[in-house]
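Dear colleague,

Here is the structure I promised to pass on to you. Please look it over first, and then read the notes that follow it.

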Amino acid sequence: MAYLISDRREEFDRRFLAATEQKLADVIIAALPDSVTPLRLTKVGVIGAVVAGAALVGCRWSPAWLPVFVAGIFLNWCGMALDGPLARRRNETDRRLDVIGQTNDLLSQVLLIVMFGVSPFLSLQSSLVILACYLLFSAYNYVRTIALHARPMSYIGLGPTEFRILMAAWPFVAQAGGIDAATNDAAARRDTAILVLAAIGVAGLAVKALSDARQLAAEE
């Protein structure tokens, strides 16, 4: 089973920004004072998600909320991406903290995706489709981690950090492209495109699940 875990870790590290994120995380963690604990970082991540979600709603009235949204996303990353590495650095192996961190990370992403649905950058229908895909992929990741004792995998090089960057960039792309979720024709075309991409993603996940099952059967 050890070699199986090793293989999965290599897969995990195929994320586009894995190496860069690790270096940045090491620099930040080394500079953190002892008063900063993993649990406090988790709380910072939750606060960042709430701030970003509120800013998305605020963008319905003014684009001046966009910098607040980006700041919230950054706080969310700082909290959710650094709490685990900080705990390992300090040899704090409390499983309770791991459960709290994972749960808050999931809830934060759900909150942000839903808030996009009430922003001017994405329709509620599209955000719910994305949310369904996110929950499906997350559920399979948890199942896969338990069944295969593997690290979480990435999808076409995308992991949690890459997903946050896409979320942070989308409002600016939408604004530059004149995309407004309130415009019926444009919203319908975008919803259709997102639905097609979601179907492709789910089909890819099904293929991955079959591949994992066959590999596990062969290794056993």
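Among contacts (heavy atoms within 4.5 Å) in the protein chain between residues at least 6 apart in sequence, 80% join residues at least 24 apart. Please keep in mind that this is a predicted model, in which local features need pLDDT of at least 70 and side-chain atom pairs count only at pLDDT 80 or more, while totals for chains, interfaces and linings use all residues. Residues are numbered from 1 along each chain as its sequence is written, and side-chain values use heavy atoms, with hydrogens and water left out.

The protein chain holds eight helices and zero strands, where helices (H or I, at least four residues) and strands (E, at least two) are DSSP runs numbered from the N terminus. Of its 220 residues, 37% are buried, meaning under 20% relative accessible area with a 1.4 Å probe and protein chains only.

Leaving aside neighbours within four places in sequence, Phe69 is in contact with Ala52, Ala55, Leu56, Phe116, Met167, Ala168 and Pro171.

As for helix packing, α3 and α5 pack at an angle of about 5° with their axes 9 Å apart, where axes are lines fitted to C-alpha atoms, for helices over the stretch in contact, and angles run from 0 to 180 degrees between N-to-C directions. That makes α3 roughly parallel to α5, a label that applies to angles under 35 degrees. The residues of this contact of α3 with α5 divide into 13 nonpolar, six polar and no charged, with Ala, Val, Leu, Ile, Met, Phe, Trp, Tyr, Cys and Pro counted as nonpolar, Asp, Glu, Lys and Arg as charged, and the others, Gly among them, as polar.

The axes of α4 and α7, by contrast, come within 10 Å and cross at roughly 175°, and these two helices are therefore roughly antiparallel to each other, the term for angles over 145 degrees. Their contact includes Phe69 and Ile73 in α4, and Met167, Ala168 and Pro171 in α7.

Key
Buried means under 20% relative accessible area, exposed over 50%, partly exposed in between (1.4 Å probe, protein chains only). Angles under 35 degrees count as roughly parallel, over 145 as roughly antiparallel, 65 to 115 as roughly perpendicular and the rest as oblique.
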